[in-house]
Amino acid sequence: MHIVITGASGFVGSALVGRLLASGVLRGRAIQQLTLVDLDFAAPLPAAAAISAPVSVRTLAGDIGDADWLASALGHQAIDVVFHLASLPGGTAEQHPRRARRVNLDATQTLLELGQAQVERGGRAPIFVFASSIAVLGRMPAQVTDDTPARPQMTYGAQKLIGEILVSDCSRRGWIDGRAVRIPGVLARPPAPTGQLSAFLSDIIRELAAGRPFVCPVSASATTWASSLPCLLDQLLHAATLVLDGSTASRAWTLPALRFSMYQLVDAIAEVHGTAAHGLVRYDPDEHIEALFGRFPPLRTDLADALGFTRDDGLQALVRQAFQH
């Protein structure tokens, strides 16, 4: 089993690497090689836990938007599974649309073409897990279901929607065995200059859990969707293990997530960490941020539920797992 992970040194990617090294198995097969792709690998990789068979780990540091470099780095070995996690996220993509296109579109196209080339050489179509985003939905109706039209309102969401369409089309052609998962907020991300406007959702857990005051840029009644990182890792691995065929109605699914208000989140933080969290919060709503991240309606994910995807077991469980991998 040869697995490729893009964005492998990021928040989700590095945790996924650790989970795979600890398991040593995917889809019932021993993992022989992990190829990790990212701009750099400044942070140390997770150590290989005690597993029955060694895993060869190769790191490739470079510009994933450089098609020649990416094809040269990956095009000479058979690939069984791709976790395509690399992206230039929301706020940064808005400010730097050309950079966003290289990472969010060009790199995706190159990876899909590598799958095509593998099939045309007589190989098997690789499993392709594409990390999409709920940003594809844009403005939402009173309830979101699997039938809700995608109307992205940001460059990032538009590019992720294009990626979903490409994954579906390449799966139809038999070049990959694709599955695109629309990821909600993931809590709690470490503090980092990523340009993500939703960073406050992680910051509020970290600060209140430590007993420090926090100014919240959305109102107490603002509602959002989120998952813990351990839950998301379970979902990504589940996506990779699904057995799909031509009768599968869709290759893109909104993942199950918890919906909660900021007041409910603060309540859960107080319960889990034993701090006077409500007294530490001051709400100072920013209309732009609240419009983007604080008006999430009820969510139904019937397709993903039927395929066996699960959500966190309540808001306290999410908060309890917020700093775990």
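This is a predicted model: local features need pLDDT of at least 70, side-chain atom pairs count only at pLDDT 80 or more; totals for chains, interfaces and linings use all residues.
**Overall form**

The protein's secondary structure consists of twelve helices and 14 strands. Its C-alpha trace extends over about 60 × 45 × 40 Å along the principal axes.

**Helix packing**

| Helix pair | Residue ranges | Angle | Axes | Handedness |
|---|---|---|---|---|
| α6 and α8 | 200-209 and 262-273 | about 35° | 10 Å apart | right-handed |
| α2 and α4 | 67-74 and 97-120 | roughly 35° | within 10 Å | right-handed |

Helix α6 packs on helix α8 with the axes 10 Å apart. On the α6 side, the contact is made by Phe200, Leu201, Ile204, Ile205, Leu208 and Ala209. Helix α8 contributes Met262, Leu265, Val266, Ile269 and His273. By class, the residues of this contact are ten nonpolar, one polar and no charged.

Helices α2 and α4 cross at roughly 35°. Here Ala67, Leu70, Ala71 and Leu74 of α2 meet Ala107, Thr110, Leu111 and Leu114 of α4. Seven residues of the α2 contact with α4 are nonpolar, one is polar and none is charged.

Rolling a probe the size of a water molecule over the atoms shows where empty space is left. One cavity of 30 Å³ or more is present in the structure. The largest cavity holds about 40 Å³ of space. Its lining is formed by Ile79, Val82, Leu111, Leu114, Gly115, Gln118, Pro126 and Phe128. Helix α4 gives the most to this lining, with four residues. Leu111 and Leu114, which belong to the contact of α4 with α2, are among the residues lining the cavity. The lining divides into six nonpolar residues, two polar residues and no charged residues.

The second largest pocket has a volume of about 190 Å³. It is lined by 15 residues, and those closest to its centre are Arg27, Asp80, Arg124, Ala125 and Ile127. Its lining includes five charged residues, along with eight nonpolar and two polar ones. The lining of the largest cavity, by contrast, has no charged residue.

**Backbone features**

Most residues other than glycine have a negative phi, and most peptide bonds are trans. Two places in the model depart from these patterns.

Arginine 27 has a phi near 55°, a positive value in a residue other than glycine. This arginine is placed in the loop between strands β2 (25-26) and β3 (29-30). Arg27 is also one of the residues closest to the centre of the second largest pocket.

The peptide bond joining leucine 187 and alanine 188 is cis, with omega about 5°. Alanine 188 is found in the loop between β9 (185-187) and α6.

Notes: Residues are numbered from 1 along each chain as its sequence is written. Side-chain values use heavy atoms; hydrogens and water are left out. Axes are lines fitted to C-alpha atoms, for helices over the stretch in contact, and angles run from 0 to 180 degrees between N-to-C directions. Helices (H or I, at least four residues) and strands (E, at least two) are DSSP runs, numbered from the N terminus. A crossing is left-handed if the near helix is turned anticlockwise from the far one by less than a right angle, and right-handed if clockwise. Contact means heavy atoms within 4.5 Å. Ala, Val, Leu, Ile, Met, Phe, Trp, Tyr, Cys and Pro count as nonpolar, Asp, Glu, Lys and Arg as charged, and the others, Gly among them, as polar. On a 1 Å grid over the protein atoms alone, a cavity is a set of points where a 1.4 Å probe fits but cannot get out, and a pocket is an open set with protein on both sides within 12 Å along at least five of seven lines; lining residues have an atom within 4 Å of a point. Grid points are joined across faces, edges and corners, and a volume is the space filled by probe spheres set on the points.
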